[in-house]
Amino acid sequence: MRVGVLTGGGDCPGLNAVIRAIVRKGVPEYGYSFVGFRDGWRGPLEALTKPLDIPAVRGLLPRGGTILGSSRTNPFAIEGGVEKIRTNLQNLGVDALIAIGGEDTLGVATKLHEIGVNVIGVPKTIDNDLSGTDYTFGFDTAVNIAMEAIDRLHTTAESHHRALIVEVMGRHAGWIALHAGMAGGANIILIPEVPFDIEQVCTWVESRFRLDYAPIIVVSEGAKPKDRDESLLNEEKDAFGHVRLGGIGDWLAREIEARTGKEARTTVLGHVQRGGTPTARDRWLATRFGLHAIDAVHRGDWGQMTALRGTDITMVPLSEATKELKVVDPALYAEAEVFFG
């Protein structure tokens with residue numbers, strides 16, 4: 001059997017560990033050959049390939065990013081795109097695909113499975129917002145990067161008596177902000193699931209300054225104040241129709257300065273959260289996902305996705321994993337509010 005592997009959407013630490021595990025088990029144990037598709041769904045769409053064998057995956061475990069490249073290509077938004085993929089898979093002798101990605105990449109995989117393509121999914125997103133799995137790899141690394149940034153900003157905030165705002169990723173789900181904020185001792189955490197009251201935020205800021213401490217505010221990029229229907233947006237959209245977010249941190253800084261008279265500065269972590277070497281936990285989880293993905297190929301469990309449930313790796317339908325996002329329960333968020341102000 002010849003198996004294709006692709007990585008789609010935003011990159012994150014642990015992608016290479018998945019690729020390594022798939023090949024390291026698939027070649028000696030099952031006798032499979034592998035082909036890497038470059039740049040997400042653009043690879044099978046345009047027949048862009050890269051050889052994948054055991055020598056090609058040596059040394060990948062600590063390496064961030066993805067050796068296959070990535071993109072936000074949506075073949076269902078391109079005229080004739082799906083037929084091109086089916087034709088290229090047949091011409092390349094590819095019997096099955098392992099798609100490693102988030103909601104959009106796996107959404108495409110779900111649709112391809114429905115029309116007869118043999119697909120297995122592996123969940124990847126630093127946002128940890130995919131249903132069906134307790135955690136996705138990449139999340140732990142992103143949280144630790146954000147936490148370290150918060151740790152460093154505490155000292156400079158105290159030195160300059162400023163309110164410092166840390167904007168982290170999280171379009172619809174505030175998992176990174178919640179985990180990193182609590183771990184880093186943030187004084188205020190703002191997430192998309194719970195619209196915030198800017199007056200209350202300023203009250204917390206002033207309370208912190210009255211104690212002779214400088215506040216640290218962690219905010220998800222998709223967080224929004226109660227008096228706005230939408231997050232701060234710009235007009236640019238990707239192939240899946242997502243509007244690029246950005247600007248909530250700067251907006252908060254302006255509002256805090258205007259309402260409290262206190263100096264405020266914003267640090268936008270952005271793609272720093274995606275880069276660099278994966279943590280031990282992400283290497284462990286990504287490796288286990290890869291091993292179970294190739295086992296699923298061997299069993300012919302098409303249309304399934306690897307998932308972490310407790311400490312076990314199990315398989316769940318792709319359709320279940322992509323039907324809705326996993327967001328922060330407001331009751332869980334309320335636990336963090338004890339530390340606000």
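**Close-up views of salt bridges and cores**

**View A. Glu320 is partly exposed, with a relative accessible area of 31%.** The model shown in these views is predicted. Glu320 counts as partly exposed because 31% falls between the limits of under 20% for buried and over 50% for exposed. Its salt-bridge partner is Arg309. The closest N and O atoms of this pair are 3.5 Å apart. Arg309 lies in strand β12 (residues 304-309), and Glu320 lies in helix α11 (residues 318-322). The pair therefore ties together parts that are 11 residues apart in sequence. Arg309 is also partly exposed, at 35% relative accessibility.

**View B. Glu199 and Arg259 form a salt bridge between two helices.** The closest N and O atoms of Glu199 and Arg259 are 2.4 Å apart. Glu199 belongs to helix α8 (residues 198-210). Arg259 belongs to helix α9 (residues 248-260). Glu199 is partly exposed, with 45% relative accessibility. Arg259 is partly exposed as well, at 37%.

**View C. Four charged residues are linked in a network of salt bridges.** The members are Arg162, Glu257, Glu263 and Arg265. Within this network, Glu257 forms a salt bridge with Arg265. The closest N and O atoms of that pair are 3.4 Å apart. Glu257 is partly exposed, at 31% relative accessibility. Arg265 is partly exposed too, with a relative accessible area of 37%. The model has a count of 9 salt bridges.

**View D. The largest nonpolar core holds 82 residues.** Ile98, Ile100, Phe137 and Leu190 touch the most other members of this core. Helix α6 (residues 139-160) supplies the largest share, 8 residues.

**View E. Ile98 is shown with its contacts from elsewhere in the sequence.** Residues up to four places away in sequence are not counted here. Ile98 touches Val3, Gly4, Val5 and Leu6, among others. Its contacts also include Ile22, Ile120 and Val122. Further along the chain, Ile98 touches Ala293, Ile294 and Val297. Ile98 is one of the four residues that touch the most other members of the largest nonpolar core.

Conventions: Residues are numbered from 1 along each chain as its sequence is written. This is a predicted model: local features need pLDDT of at least 70, side-chain atom pairs count only at pLDDT 80 or more; totals for chains, interfaces and linings use all residues. Side-chain values use heavy atoms; hydrogens and water are left out. A nonpolar core is a set of buried Ala, Val, Leu, Ile, Met, Phe, Trp, Tyr and Cys residues joined through side-chain atoms within 4.5 Å. Buried means under 20% relative accessible area, exposed over 50%, partly exposed in between (1.4 Å probe, protein chains only). Helices (H or I, at least four residues) and strands (E, at least two) are DSSP runs, numbered from the N terminus. Contact means heavy atoms within 4.5 Å. A salt bridge is a side-chain nitrogen of Lys or Arg within 4 Å of a carboxyl oxygen of Asp or Glu.
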